[in-house]
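Please look over the protein shown here before reading on. The report is meant for a reader who meets this structure for the first time.

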Amino acid sequence: MTRPPRTFSHIGLSVPDLDAAVKFYSDVLGFYVVMEPSEAVEDDSAIGVMCTDVFGPGWGSLRIAHLSTADGIGIEIFEFPGNYAPEDKLEHRRHGTFHFAVQDPDIEGLAQRIVEFGGRQRMPVREYFPGSKPYRMVYVEDPFGIVFELYSHSYELTYSAGAYE
């Protein structure tokens with residue numbers, strides 16, 4: 001039986017400085033802050049119990065904020081005590097999530113703004129179908145080392161054009 005595709009709800013990011021991350025993602029990428037930074041502690045509250053289910057006993061506390069993209073996708077940002085940066089910021093061979101993507105028709109301008117606010121452009125802007133389709137992409141990093149991609153056009157438009165040439 002074929003099932004309909006599901007919608008994407010949110011992605012969770014772990015950062016070393018929650019307040020700086022909320023400022024970056026709201027000021028630079030324009031995401032809406034739907035829940036200001038707050039603290040969750042290991043106790044018998046609903047959020048405390050949920051976090052213990054996920055992290056196991058002894059997690060202690062964390063800070064969390066919730067943001068949203070213009071199309072309602074959630075960006076859940078965590079700051080864990082004792083957090084650390086991975087040795088290789090783009091562990092592309094490790095199984096699991098290694099990036100997400102944000103769409104903006106002016107990826108050059110957004111990449112420049114990301115750099116101005118402490119991030120990094122990891123590569124030149126590239127075209128998927130040079131000379132035939134205006135679809136562009138670039139990998140960037142936020143100031144905390146989280147790698148993500150910028151797309152000039154929607155995902156389905158970019159890939160419905162066919163195989164790479």
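## Overall picture

The model described here is predicted. The protein has four helices and nine strands, and, read from the N terminus on, these elements follow one another as β-α-β-α-β-β-β-α-β-β-β-β-α.

Along its principal axes the C-alpha trace spans about 60 × 50 × 30 Å. Of the 165 residues, 35% count as buried, and the accessible surface comes to about 10400 Å², with 54% of that area belonging to carbon and sulfur atoms. Among contacts between residues at least 6 apart in sequence, 56% join residues that are at least 24 apart.

Four strands form an open sheet in the order 1-4-3-2, and their pairing is mixed. Strand 1 and strand 2 (32–41) are found at the edges, where each has a single partner strand, so one side of each is left without a neighbour in the sheet. On average, and with direction ignored, neighbouring strands of this sheet are turned by 20° against each other.

Strand 3 and strand 4 run antiparallel and are joined by six bridges; within this pairing, I64 stands opposite F78 in strand 4. Helix 1 packs on the sheet and touches strand 1, strand 2, strand 3 and strand 4, while its direction makes about 5° with that of strand 3.

## The largest nonpolar core

In soluble globular proteins, nonpolar side chains tend to be buried together. The largest nonpolar core of this protein has 27 residues, of which Y25, I114, F148 and L150 touch the most other members. Several elements each supply at least two residues of this core, among them strand 1 (10–14), strand 3 (61–68), strand 4 (74–79), helix 3 (107–116) and strand 9 (147–151). Helix 1 gives the most, with five residues. Because domain 1 (1–82) and domain 2 (89–164) both give residues to this core, it lies between them.

Which residues is L150 in contact with, once its neighbours within four places in sequence are left aside? The contacts of L150 are then V102, I107, L110, A111, I114, R136, M137, V138 and V140.

Technical notes. Residues numbered from 1 in each chain as written. Predicted model: local features only at pLDDT ≥ 70, side-chain atom pairs only at ≥ 80, totals over all residues. Heavy atoms only, no water. Core = buried A, V, L, I, M, F, W, Y, C linked by side-chain atoms within 4.5 Å. Buried < 20%, exposed > 50% of the residue type's maximum accessible area, 1.4 Å probe, protein only. Domains from an automatic or database assignment. Contact = heavy atoms within 4.5 Å. Pairing = 2+ DSSP bridges. Axes fitted to C-alpha atoms, helices over the stretch in contact; angles between N-to-C directions. Areas by Shrake-Rupley, 256 points an atom, 1.4 Å probe, with all protein chains shown as cover.
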